[in-house]
Amino acid sequence: MIITLNSTANPSEVKRALIDHGLWVEELVGQGRVQFRVESHSAQVPIEVVQALPGVELVTVRASTHPRVDQQAKVVEVGAHKIGVGQPTAYFAGPCSVESEDHVRRLAAKLRGYGVKFLRGGAFKPRTSPYAFQGHGEPALKWMKKAAAENGMALVTELMGSEERDLVAEFADLIQIGSRNMHNYALLKHVAGAKKPIFLKRGMAATVEEWMGAGEYLLLHGAPAVVFCERGIRSFDPSTRNLLDLSAVAILAGLGQPVVVDPSHAAGRRDLVGPLARAAVAVGAHGVMIETHDAPGHALSDGPQAVLPEQLEQILKGLDALSAGSKA
Ligand code: PEP
Ligand code: MN
């Protein structure tokens, strides 16, 4: 945003008024009239409010680079379930990797009892090591579909490569694009053609604008809706696996974008999953995704961050109470 003052304005007074509204401004010199540039880390203030300040002649705003995201519906429908503004907190849970037919069925039945409406689980896994378990692939999709259908849940699973798009789209209700692929624009364009809503994880070093730009690719190329998922960004501190960026969640929620938080990959530590899930709901997240396993020590991936089903039940009860409290 560029603010141009009129010829009789007192620049110091206008600057103070802008700061009062939470705007970080820098004076542009050598432009004739006095102008201020508003930094992007400023509070969101309606243009009309700035325009109405004494001494302001003109306010110009750069066109958005993600108009389709800006205009997308505030509530995303996934089958019979909804995620977004004004909806009950959406609970996503399940194992990191789908391990066997029996395992995912047993787990799904438990999760349903806790109010989980979205069954998560990886069939194609993005692993740092090529020697680590890569997922069971197509059979895992079938096992998971059965488990989700038996329990009236929607199925969320990751698509890693374009070759698997039609296969994954046949089973998934919501197609997950993982953190590592948020910047893979060829994949974004291709998956959009499946015409399914997309669960877009934030790249681990992506800015909020880049994340919304990735969402724009999806909507421009045919995806009906995008749910954003914050899963932690890279930081300097090895105390947690990543750093949960609650500011980004509050920004997206403030814009009315459907946004979910994954405290499991953010923290990498099961003891922090509950506290971070509560923080997520407190700043406006519309859902949480939590990795759950009944025997984390035997999990084929991400065991240390998985919570037990009984722990999940307690976490979700706490979130229900938090939401009920904020409405009271
Ligand atoms: C996952 O959710 O299974 C996953 C791999 O997450 P991320 O892309 O956030 O690392
Ligand atoms: Mn995982």
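This is a predicted model: local features need pLDDT of at least 70, side-chain atom pairs count only at pLDDT 80 or more; totals for chains, interfaces and linings use all residues.
Contact is taken here to mean heavy atoms within 4.5 Å.

H7 spans residues 185-192 and H8 residues 208-220; their axes lie 7 Å apart and form an angle of about 40 degrees. The two helices are therefore oblique to each other, angles under 35 degrees being those that count as roughly parallel. The crossing of H7 and H8 is right-handed.

H4 passes H5 in a right-handed crossing. On the H4 side the contact is made by Glu101, Val104, Arg105, Ala108 and Arg112, and on the H5 side by Trp143, Met144, Lys146, Ala147 and Glu150. The composition of the contact between H4 and H5 is 5 nonpolar, no polar and 5 charged residues.

The manganese ion (ligand 2) is coordinated by four side chains, through SG of Cys96, NE2 of His265, OE of Glu291 and OD of Asp302, at 2.0 to 2.4 Å. Along the chain, the donors of the manganese ion (ligand 2) follow the spacing C-x168-H-x25-E-x10-D. Cysteine 96 lies in the loop between strand E7 (90-94) and helix H4 (101-113), whereas histidine 265 belongs to helix H10 (residues 263-267), so the pair ties together parts that are 169 residues apart in sequence. With a relative accessibility of 6%, cysteine 96 counts as buried. Histidine 265 is likewise buried, its relative accessible area being 10%.

When residues up to four places away in sequence are not counted, asparagine 242 touches Arg231, Gly232, Ile233, Arg234, His265 and Ala266.

Isoleucine 315 is placed in helix H12, which comprises residues 309-327. Its relative accessibility of 11% means that isoleucine 315 counts as buried. Leaving aside residues up to four places away in sequence, isoleucine 315 touches Val273, Gly274, Ala277, Ile290 and Val307. The C-alpha atom of isoleucine 315 is separated by 51 Å from that of threonine 4, a residue 311 residues apart from it along the chain.

Alanine 17 is placed in helix H1 (residues 11-20). At 21% relative accessibility, alanine 17 counts as partly exposed, since the buried class requires a value under 20%. Alanine 17 and valine 288 are 271 residues apart in sequence, and the C-alpha to C-alpha distance between them is 39 Å.

Methods:
Residues are numbered from 1 along each chain as its sequence is written. Chains are lettered from A and ligands numbered from 1 in the order in which they are written. Side-chain values use heavy atoms; hydrogens and water are left out. Axes are lines fitted to C-alpha atoms, for helices over the stretch in contact, and angles run from 0 to 180 degrees between N-to-C directions. Helices (H or I, at least four residues) and strands (E, at least two) are DSSP runs, numbered from the N terminus. Angles under 35 degrees count as roughly parallel, over 145 as roughly antiparallel, 65 to 115 as roughly perpendicular and the rest as oblique. A crossing is left-handed if the near helix is turned anticlockwise from the far one by less than a right angle, and right-handed if clockwise. Donors are N, O and S atoms within 2.8 Å of the metal (3.2 Å for Na, K and Ca); water is not among the atoms, so sites may look incomplete. Buried means under 20% relative accessible area, exposed over 50%, partly exposed in between (1.4 Å probe, protein chains only). Ala, Val, Leu, Ile, Met, Phe, Trp, Tyr, Cys and Pro count as nonpolar, Asp, Glu, Lys and Arg as charged, and the others, Gly among them, as polar.
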